[in-house]
Protein chains: 2
Amino acid sequence: MELKNLHLYWKASCYIATGMIYLWDNVLLKEPLKPEHIKRRLLGHWGASPGISFIYAHTNRIIEKYDLDCLFVVGPGHGAPGYIAPLYLDQTLVKYYPHFTLDEEGLKKLFRSFSFPAGLGSHCTPELPGSIQEGGELGYVLSHSYGAVLDNPKLLAVAVVGDGEAETGPLATSWHVNKFINPVRDGVVLPVLLLNGYKINNPTILARIDEEELINLFKGYGYEPKLVIAEEPIQAHESMAQAMDWAVERILDIKSHTEPFRPIYPMIILKTPKGWTAPRKVNDRYIEGYWRAHQVPFSDARNNPEHLRILEEWLRSYEPEKLFDQNGRPIDEILRAVPKKKIGESPYANGGMLRVPLKLPKIEAFCIDPANKAENTRPLGMFLREVMRLNPNNFRLFGPDETHSNRLYDVFEFGKAWVAKTLVEDEDEGHLSPFGRTIEMLSEHTVEGLLEGYILTGRHGILNTYEGFAPIISSMVNQFGKWLDISSDIPWRMPVSSLNLLLTSVVWRQDHNGFTHQDPGFINSVVDKWPNVVRVYFPPDANTLLFIVWQCLQSTNRINIIVVDKQKHPQYLNIEEAKEHAMKGLGVWKFASNFPDEEPDVVIASCGDIPTKEAVKAVKILIEHCPDLRIRFVNVVNLFCLTPNQEHPDGLTDKDFDSYFTVDKPVIFNFHGYPWLIHRLTYRRKNHNNLHVRGYRENRKIGIDLTHLTNFLKGRGGITTPMQLAILNQIDRFSIAIDVVQRVPKLSNKAGSFVDEMKNMQIKALEYAYNHGVDMPELDE
Amino acid sequence: MELKNLHLYWKASCYIATGMIYLWDNVLLKEPLKPEHIKRRLLGHWGASPGISFIYAHTNRIIEKYDLDCLFVVGPGHGAPGYIAPLYLDQTLVKYYPHFTLDEEGLKKLFRSFSFPAGLGSHCTPELPGSIQEGGELGYVLSHSYGAVLDNPKLLAVAVVGDGEAETGPLATSWHVNKFINPVRDGVVLPVLLLNGYKINNPTILARIDEEELINLFKGYGYEPKLVIAEEPIQAHESMAQAMDWAVERILDIKSHTEPFRPIYPMIILKTPKGWTAPRKVNDRYIEGYWRAHQVPFSDARNNPEHLRILEEWLRSYEPEKLFDQNGRPIDEILRAVPKKKIGESPYANGGMLRVPLKLPKIEAFCIDPANKAENTRPLGMFLREVMRLNPNNFRLFGPDETHSNRLYDVFEFGKAWVAKTLVEDEDEGHLSPFGRTIEMLSEHTVEGLLEGYILTGRHGILNTYEGFAPIISSMVNQFGKWLDISSDIPWRMPVSSLNLLLTSVVWRQDHNGFTHQDPGFINSVVDKWPNVVRVYFPPDANTLLFIVWQCLQSTNRINIIVVDKQKHPQYLNIEEAKEHAMKGLGVWKFASNFPDEEPDVVIASCGDIPTKEAVKAVKILIEHCPDLRIRFVNVVNLFCLTPNQEHPDGLTDKDFDSYFTVDKPVIFNFHGYPWLIHRLTYRRKNHNNLHVRGYRENRKIGIDLTHLTNFLKGRGGITTPMQLAILNQIDRFSIAIDVVQRVPKLSNKAGSFVDEMKNMQIKALEYAYNHGVDMPELDE
């Protein structure tokens, strides 16, 4: 590919990007520019666009020269014009959107469509072929790219990293992912730092440190950086072509190894002016090479003749008459700068096309006998180990260093990915291996980004994390949900595997880690989002968990959140019962109800394994003390069953809801998270006024006053016990029993003495915990 | 301070840390260790403890040698034993908790209290003097430390960075804060990377790269790193003392400058074995120098005689009989290793003691005439500029590069902090200055951490950010709220200034930036939290915003969230009205009600500036069309007014609530965020069943079917207009008017034609936007 042609391709891209921002008409500048040719509302971001197009064009070149399988991932925010323009020129866009033809009419439609209602957005949105990340929220380009190349040994992901984005935490740490990449089994990420020096209104840090510092930083991250300083375009093309060739040669050398090792990967720092090729100054204010070029460089071209003149001069500086023929078709030289394998047509960027369903083992082989207590996550670990065995290149587990703690360690039979140094100690259950199937790095952001990149390119995975620290990635998960939501509406985007998040080490067992580790609020940040995307499951036991995960691993385009604890807990359902229960999403538990077939006096409901345990115990106490009380026990696995069916596909009809929860009986609902969430989901239900929800509360008032236990009863900051935590939040068996007795009219004469007895049990439990530091053994039977 | 004594101090610290984890009795090992001396429940984390104590002891040494004002900030998670032990030895702990005396009884109480209910937690919780960060959620030690030294020129913050924590994104980018620190005006952070090599179950990345890479990384971050390799304690003390002296000398040299510049600050990398001084192996499994030392190194000492023997051997290896006298008092040599200025007594760690209330200008000087439209945030920027003028060393504004975009640019009169390179362009409205009062870095995590550190040490500040990206820090804000919640209960912790978060560039005006920028969900992640801490305000206009901020800047120990847009909007209240309205938290707007003094037919309520604008317009339409309709207009500023007063201190009583919202009339509530949030706050109110909330919805179904606008009506992904966004979410004036007419019985005969007219207006508005890319000008009057 001749650099001369590549330069023309880039010039045409810059012209188009400028036109997309400014022009409503006269798109080829066949006549002098007039105010009415300018868009009424100027939107779009010019600053990063020329740099992105430049890297795009040079990626085209190496794709053609070396016959590469390439994925082009755009990090800089609002960089879309710089991506859309070359995508149009290489005729990918027209394949997906037939009106964007390579002629004057198509160009006009493109200009008008950009940043216009119902048109193309100002980021690399899912609507754009070749994109796997929008870049609206910054920081994820490297983790997405690294996720994409895992188990794709032939894939090269060119990751354009913005120097603004590089200041975010998630990006800053994701450079280190190179320590998990096995060059024999995985592909390569070639980061290109687009050092254009400015953000919206500030210089970037990396542009204002010494070159030596900059080089050291990337050496420290484990790369071999090459600095390309671009000012004059022709020289820049030559330097960039050399640098790209150097990088590919380095990569090919790395890929020629047949044994895994930790290579030092090449990376490129491309230093360009911000808004490169825009006017240097307008009204004596700096534009090119300054932050003012970030968005619309100057905005009054419709009303200010001087701005109009400058804009025309700017546009004509690209010599559109030499780039397009009379019909608006790009000249042949430009079309010759397009590789056969086009960036926009990379199958990796439409991962659903490549997606092969997982081979799943039968869950029956891992189910447990509900007669015995079990760690709910342990059988899941064994199941996932077999998933790894059956799908050696198609499934990964991710986590921030908690997989072992979360009792999933059976998966370590297939190792933890690691190509950095190893020591003799690692032989002792270190499980480190270049071929490891679990990736653990103490950055929730990075492992979430890796999983996203992995499934966006057609594979499958799960992230496991402590529930209390899941909120660290709530924003990322929301952004990913937006991507899925939009993607689901795009006919050519094939469904990808769901994002599966396993939240464990849950709030109710963070008694020993303290207050900072207690937060069931992650689900609150997603329940209001896209009903077609979000699912939340609370399996009550190990067998139900197995089925839920089995199901989630087959689903597509969803975010499945599964909340379950890792400690030893009572078990309830055999595998057949668990399947049936989970498929319905909720159910009456006959073994925990008395008179299960009669209209009850009270419904005791639960959602979440630990609240379920307490609720079941409460039933036992109540049956003992109030044999006439008709109790129906309902367990909810699929949280969205509670939602009206008009609002969520998994929601129950009112009729079905009423059949579980009655229309007039008290419902005591023991919930895993913040109690208001249940009200938010059910406030439209007929029996809502009788619904009494217990759950985790930050503002605790309990009816127990023991001065010598004052600090203890606050139960925050320091250390508690599981039973204390339950009592303080009134999700414990005694509180539920009290609540039932107080709310069922026919028990009113019983209430006084029973309540006293229950309170005494609570006091006994609290005093035991206070004195011994552990719960009374009989409470944990 | 003699190293020999320092070594004894450290040995005693290690002994105490081990004892805290294991011992219930026989705390001085006066008799052979027996099973009953061991705690029943072994909790705590040994791994980082010896390293933290080691750095603590060496910090003591430089404090004494150089007479330093020092703050010691502990990053590693669960590092508390390594902090509590020396805190006990230097007699700080006993000052705050008199039972932790320096004798056998006090030691026993300390051991029993640790990780025991109602005792001391396993992190550096607020209960510990000298701590400003708990370290439960990792990643914030450097941003907290840097926040602490801002405007404290004499302060040295020794920041212990865990090598696990160093993998988090927030930590990885916070090294770069050194580019904002002016050595003349600010203090110094001395980072000490505790490179102990392991996390819970994995090696750390930084421990498994070449030394050259490691050094390059920190040089790249702009530090001069010194590597101290600690294996044999005596040698380690000598190397560490030399390194600390070197660092202080470097710092003193930097501090001797009188003109600002960008220094290369020293930092220390302390390489120790994980769980240093624990047994190397137990049961042939590695402990010291391996991840198994992370928590309780071996756990069966109560039942397994071999474990008991090893534990005793381990404890005796510290020679407790030489460290403590018969009464359990540490020997004089140890007490001589305590500096006069004790770490635990640093006033900077109890910032409320240092806090000087802000001098606030009168808001009347910045208020605007409500007759004209205004950018709501612009007058605030002018007000904050004056706050900066009056409080030159006491107030800072923080943001991730959006302060200008958010229309607060008047504050730039006092510059943006910057000590990195400057260029000629910066003269052109760059505002960079070593003395700048605004700090902008494109890391929400870092600026949030800086603000937290700044207010924890007694100062004042505000963070401004786009509403859509506030969720990036929702987890951080929650962790900070926990800190405030606990701190408020600790008598000796003086109140600190509130954390003020200004969320602007709100969802309703992200029409041009698209779907990724639309998220009003941040508040959902905090409303369930500590009612004594969280406040959420939605000022409807510029004057109300001024008063709210004025109030927030005087409040303490709160998280104040203020949501307001930056674009030009109608104004409603003059400054006196605004004050009264904001103080009440909500109010009937007579000018927007007809028959305001009568019982209404309908209540139209609003919360948030843009929904308020639409609701007010709806009233206008309704009055025009239905002159008999009695409308009461209620605007809500303080979101928690809606909550029952039992649940939140700002909550209205039921009686007051009913007086605004009636007990039986339809209430159409136009809300800024997700509509369910209003239901969550009000479901206990009498009139809740008549409450109809409109707000931002992810699942849109509107009663308009225009096939040629199909994509446009989805309104997601790409670009929209403000009015389109409003209509799609049905918060627009027409939708509200329709709703009112349909819900007020006496208008039933009117409904048909009126609804048609409103729908036609919507269609006209949508078609105009679709065709012109902007809203009909008359809709924005």
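Two strands pair if DSSP finds at least two bridges between them. Helices (H or I, at least four residues) and strands (E, at least two) are DSSP runs, numbered from the N terminus. This is a predicted model: local features need pLDDT of at least 70, side-chain atom pairs count only at pLDDT 80 or more, and totals for chains, interfaces and linings use all residues. Residues are numbered from 1 along each chain as its sequence is written, and chains are lettered from A and ligands numbered from 1 in the order in which they are written.

Start with the sheet in chain B. Its 5 strands lie in the order β1-β2-β3-β5-β4, open and parallel. The edges belong to β1 (69-74) and β4 (223-229) of chain B; each has a single partner strand, so one side of each has no neighbour in the sheet. Within the sheet, 4 bridges join β3 (188-195) to β5 (265-271) of chain B. Leu195(B) has Lys271(B) as its bridge partner. Helix α6 (141-149) of chain B packs on the sheet and touches β1, β2 (155-162) and β3 of chain B.

Now turn to the pair of chains. A rotation of 180 degrees, with 0.0 Å of shift along its axis, superposes chain B on chain A. In chain B, the C-alpha of Gly169(B) is nearest the axis, at 1.9 Å.

Where the chains meet, 107 residues of chain B contact 108 of chain A (contact: C-beta atoms, placed from the backbone, within 7 Å). Helix α15(B) gives the largest share of chain B's side, 6 residues.

Notes
Least-squares fit on C-alpha atoms with pLDDT ≥ 70 in both. Contact = placed C-beta atoms within 7 Å. Axes fitted to C-alpha atoms, helices over the stretch in contact; angles between N-to-C directions.
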